[in-house]
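Keep the viewer open and click along as you read.

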Amino acid sequence: MIGAPEALPTPGTGPRAAPGRPAKVAHVVLSLNVGGLERVVLRLLERTARDRFAPVVCALQEPGALAEELARLDVPLVVIARRPGLDPGLPVRLSAWMRREGIGLVHTHNPGPHLYGALAAGLARAAGLAGGGGGGGGPRVIHTKHGRNYPKQKRKVLVNRLATALTDRVVAVSDDARAVALEVERVDPAKVVTILNGVDTEVFRPGDAGAARARLGVPAAGYHVGCVARLSPEKDHATLLAAFARLREVRADAHLTLIGDGPVRPALEQQAARLGLAGAVTFTGTRGDVAELLAAFDVFALASLTEGISLTLIEAASAGLPIVATRVGGNPEIVQEGETGLLVSPGAPETLAAALEAVAVREDRAAMGMRGRARMIERFGMDRMIRAYEALYAEVLGG
């Protein structure tokens with residue numbers, strides 16, 4: 001183990017930027033591959049005030065597919081690769097980079113980057129104090145808890161507690177994530193802040209269904225079910241496909257579009273073929289025009305087994321779509337049961353199919369979607385999220 005956790009100094013005792021110069025903020029991630037967490041990071045990089053904060057991204061695995069966005073945003077990227085397994089040398093390498101670059105604030109995203117980033121910042125603070133300098137003691141740490149982060153796995157919970165001991169603030173993106181932080185990981189309540197993920201409700205808004213369906217190459221008529229999510233086991237597209245097969249028994253005009261890619265795509269394509277859904281299911285792969293494509297759908301479906309707070313659900317609701325989703329994680333904070341959508345138990349294709357059919361026949365289906373959009377504008381706007389993070393950065397940095 002690399003050192004013992006130091007006593008946490010009061011926020012604001014870390015290095016401040018020189019007068020007139022923005023504080024350097026390092027976002028530590030595994031990579032910038034396609035996902036909700038990564039898109040939140042990109043929006044922070046894009047919209048945080050540059051006259052106050054100068055961002056840089058540090059990836060611990062690889063740049064990732066979204067890294068090309070950084071050039072457009074004029075944000076530097078460094079890869080400090082984590083070796084396989086536990087890498088005890090990584091905090092040392094990260095700490096040296098932080099001191100060299102004059103990083104004032106480390107903002108970590110999810111458990112691995114949190115552990116290594118917090119340890120590195122702790123080492124940098126210790127080096128600054130021992131050297132009698134270091135810009136006021138070294139970088140401060142903010143961690144965003146984007147999901148539930150394995151609350152039933154004791155070892156991972158202990159790792160999160162260790163990292164939190166070296167962290168100034170823990171940001172929960174949902175009430176559910178906050179509850180895990182307080183009740184399972186036993187984070188000091190004074191450290192925990194809730195900042196809901198935000199979307200640009202002017203970008204994600206109702207659109208032209210016909211144009212969107214033509215863009216996707218799907219039937220112009222019929223009942224369209226859509227899902228935008230990485231094709232990975234926790235999203236449980238297998239249950240969604242099984243539910244859709246049942247829906248087709250009563251709605252022969254139903255069509256399912258899955259936007260996204262991932263490791264289980266071949267298995268899902270094989271499942272669709274076994275279920276006789278050829279021509280009724282479209283796999284689009286990763287798309288960069290999701291905001292325009294959401295208008296193709298009559299309902300948005302998400303069968304996840306676990307969630308933090310789903311960015312794609314917020315985007316879909318902002319686009320005016322009624323939602324059918326599993327009652328997990330932060331999903332009930334987005335979907336108001338019976339008002340903006342329906343919530344079902346995870347791993348239950350019959351229940352999911354029944355909910356999709358129920359939405360299909362509701363006379364107020366369009367109104368459900370518009371009620372959801374109004375709620376997103378009120379609670380999940382992008383500006384609200386950005387201003388909350390800027391205020392938190394300033395608080396932790398002492399101004």
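Take the buried side of α1 and ask what it packs against: β1 (23–29), β2 (53–59), α2 (69–73), β4 (105–109), α12 (311–318) and α16 (382–397). Keep in mind that this is a predicted model. The residues of α1 that are buried are Leu37, Glu38, Val40, Val41, Leu42, Leu44 and Leu45. The helix itself covers residues 36–47, and its length checks out: 12 residues at 1.5 Å each should span 16 Å, and the end C-alpha atoms sit 17 Å apart, which agrees.

Is Leu105 buried or exposed? It is buried, because its relative accessible area is 0%. Setting aside residues up to four places away in sequence, Leu105 touches Lys24, Val25 and Ala26, then Pro139, Arg140, Val141 and Ile142, and finally Tyr393, Val396 and Leu397. For a sense of scale, pick Asp208, which is 103 residues from Leu105 along the chain: the two C-alpha atoms are separated by 43 Å.

Now jump to α9, residues 237–250.

Two packed helices are described by the angle between their axes and the distance between the axes. For α9 and α10 (residues 265–274), the angle is about 15 degrees and the axes are 10 Å apart. That makes α9 roughly parallel to α10, since angles under 35 degrees count that way. The crossing of this pair is right-handed. On the α9 side, the contact uses His237, Ala238, Leu241 and Ala242, which meet Leu268, Gln271 and Ala272 of α10. Sorted by class, that makes five nonpolar residues, two polar ones and no charged ones.

Turn to α14 (residues 349–361), where α9 packs at an angle of about 50 degrees with the axes 8 Å apart. The two helices are therefore oblique to each other. Here, too, α9 makes a right-handed crossing. From α9 come Thr239, Leu240, Ala242, Ala243, Arg246, Leu247 and Val250, and from α14 come Pro349, Glu350, Leu352, Ala353, Leu356 and Glu357. By class, this contact has nine nonpolar residues, one polar and three charged.

Two more residues are worth a click. Thr164 is part of α6 (residues 154–165), and it counts as buried because its relative accessibility is 7%. Beyond four places in sequence, Thr164 touches His114, Val170, Val187 and Lys191.

The other is Glu333, in α13 (residues 331–334). Why does Glu333 count as buried? Because its relative accessible area is 11%, and the cut-off is under 20%. Which residues surround this side of the chain? Apart from neighbours within four places in sequence, Glu333 is in contact with Ser174, Asp175, Asp176, Leu196, Ile309, Arg375, Arg379 and Phe380. Of these, Ser174 is 159 residues away along the chain, yet its C-alpha atom is separated from that of Glu333 by 7.5 Å.

Notes:
Residues are numbered from 1 along each chain as its sequence is written. This is a predicted model: local features need pLDDT of at least 70, side-chain atom pairs count only at pLDDT 80 or more; totals for chains, interfaces and linings use all residues. Side-chain values use heavy atoms; hydrogens and water are left out. Axes are lines fitted to C-alpha atoms, for helices over the stretch in contact, and angles run from 0 to 180 degrees between N-to-C directions. Helices (H or I, at least four residues) and strands (E, at least two) are DSSP runs, numbered from the N terminus. Angles under 35 degrees count as roughly parallel, over 145 as roughly antiparallel, 65 to 115 as roughly perpendicular and the rest as oblique. A crossing is left-handed if the near helix is turned anticlockwise from the far one by less than a right angle, and right-handed if clockwise. Contact means heavy atoms within 4.5 Å. Ala, Val, Leu, Ile, Met, Phe, Trp, Tyr, Cys and Pro count as nonpolar, Asp, Glu, Lys and Arg as charged, and the others, Gly among them, as polar. Buried means under 20% relative accessible area, exposed over 50%, partly exposed in between (1.4 Å probe, protein chains only). The expected span of a helix is 1.5 Å times one less than its number of residues.
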